[in-house]
Amino acid sequence: MIANIIEKIVRIFKPKPHEGQVTIIKGAKRFNVIANGRRWGKTILAVKLSMETMLKGQNVGYFAPDPALFEDFWEELKERLEPITIYKSESKHTIRINTGGEIKLWSLEKKNAGRSKKYHRVIIDEAAFAKNLKYQWEKCIRATLTDYQGDAFFFSSPAFGTFFHEIFDYCNKYSNWASFQMPTSTNPYIKEVELKEIEETTDPLTWAQEYLAQFVNLTGLAFMYTFKRDKHVKDFGELREDLPVYLSFDFNISPMTCIASQHPDDHSYIYTRHEFRLMNSDIYEMCNAILTKLDGYYFIVTGDASGKNGTGLMKNLNYYTVIKNKLDLQPHQFKVPADNPSIENNRVLCNSILYRHPKVMIHPECEYLIKDMERVQVLQNGDIDKKTDTTLTHLLDTYRYYLNAYFKSFIKLR
């Protein structure tokens, strides 16, 4: 008897690359560095490159600065390969398919990630934000490509002065390296009107870095690098009695600081009228100073998220409890975040508002706030420099907490 053999046909769908991604595929060499803008589509291209390698029965090593950054990639790849997957481990982030091809995802939080492994292809995602990438590439990852003479793809939005920035220029030194600068606009699925809207609400340096994929030196600059005294320092009169006064606090013993600002519901202007800066003081004296100058106004409070802790105060008290009691406020008059904003995102927000908003004003009497706006610097690692001059940064913190609490929707970063 002739046995009838019925083969099951399984269809696997690789992502279809858009025009910008085709440029990478056609121009690729052994080592490839791709500086891409936001929403360019690096995850989809990484999935395609991984699938092509695995379908040949070969191995892929995928690396990212931390596990949170590879979840989208993992879910996309897992779904596409499900029909031919013969082994999958969620804990080890490993997939093996019926061709023999395998992928292993590594977190670069582990300094020696990938060491002693062998790969036909390596993909490093968000490479600019891996803290030890130079060591990891030279001491660990590069060697994983030796046995098979494998290739590598580095993907990231650009960051000036990083190892990713360094290897972006390797194409000028080594014939087997290629570099690609891929602005968001090279993704045809992103509408031009959408990019125009983002550009109109974002400061030019952030726009150049995040969407034009340019290496912009944002270190060695003031935190508020778009602040201009002649544009932003203005006397807009006294605070209006028909609008709330927004108080934003930063809690230190010396100085303890607060600013008093106003903005109407339509956000048509942002006006900081008063600063409070008390040396060797406490929250009780700060509340007294505020009442002396602003008694009778309706207050809404925000500020340093750590003020919800009881540091330096009696048991069962925190700074905001004292403020509530001293200023006779209700719970709905507080808008305090669960955590303080990240320095990087907050800097983008603040500078975008200062650059793009038509009417941001600080009263000339807010001399320490103005000094902070002009002089507070950012360190190489992106943090605010709080040590070079310890008299600085405190009023800046109150101001950035205020903008974060009420104007986060001003920018549109995706």
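I began with the second largest pocket, where β4 (94-97) and β5 (102-107) each supply at least two residues of the lining. I kept in mind that this is a predicted model.

**Entry 1: the pocket**

I looked up which strand gives the largest share of the lining. It is β5, with 3 residues. I then looked up the volume of this second largest pocket, which is about 170 Å³.

Next I listed the lining. Asn59, Tyr87, Lys92 and Thr94 are among the lining residues. Arg96, Glu102, Lys104 and Trp106 are also among them. Lys117, Lys118 and Tyr119 belong to the lining too.

What kinds of residue line the second largest pocket? I noted 6 charged, 3 nonpolar and 2 polar residues.

**Entry 2: helix α9**

I checked the length of helix α9, residues 283-294. The helix has 12 residues, and at 1.5 Å a residue they should span 16 Å. I looked up the distance between the end C-alpha atoms and found 16 Å, so the two values agree.

Then I asked which residues of α9 are buried. I wrote down Ile283, Met286, Cys287, Ile290 and Leu294. These residues cover an arc of only 100° around the axis, so they sit on the same side of α9.

**Entry 3: Asn280**

I moved to the loop between β11 (270-278) and α9, where Asn280 is placed. I looked up its phi. Asn280 has a positive phi of about 50°, although it is not a glycine.

Is Asn280 buried or exposed? Its relative accessible area is 64%, so Asn280 is exposed. The cut-off for exposed is over 50%.

**Entry 4: Asp328**

I found Asp328 in the loop between α10 (319-326) and α11 (343-356). Asp328 is not a glycine, yet its phi is positive, at about 60°.

**Entry 5: Thr201**

My last stop was the loop between α6 (192-200) and α7 (204-210), which holds Thr201. Why does Thr201 count as buried? Its relative accessibility is 18%, and buried means under 20%.

I also looked at what the side chain of Thr201 faces. A polar atom of that side chain lies 3.4 Å from the backbone oxygen of Glu197.

**Recap**

I noted that Asn280 is exposed.

Technical notes: Residues are numbered from 1 along each chain as its sequence is written. This is a predicted model: local features need pLDDT of at least 70, side-chain atom pairs count only at pLDDT 80 or more; totals for chains, interfaces and linings use all residues. Side-chain values use heavy atoms; hydrogens and water are left out. On a 1 Å grid over the protein atoms alone, a cavity is a set of points where a 1.4 Å probe fits but cannot get out, and a pocket is an open set with protein on both sides within 12 Å along at least five of seven lines; lining residues have an atom within 4 Å of a point. Grid points are joined across faces, edges and corners, and a volume is the space filled by probe spheres set on the points. Helices (H or I, at least four residues) and strands (E, at least two) are DSSP runs, numbered from the N terminus. Ala, Val, Leu, Ile, Met, Phe, Trp, Tyr, Cys and Pro count as nonpolar, Asp, Glu, Lys and Arg as charged, and the others, Gly among them, as polar. Buried means under 20% relative accessible area, exposed over 50%, partly exposed in between (1.4 Å probe, protein chains only). A polar contact is a pair of N or O atoms within 3.5 Å; within protein, one must be able to donate a hydrogen and the other to accept it, and residues adjacent in sequence count only if both atoms are side-chain atoms. The expected span of a helix is 1.5 Å times one less than its number of residues. The arc is that of the directions from the helix axis to the C-beta atoms.
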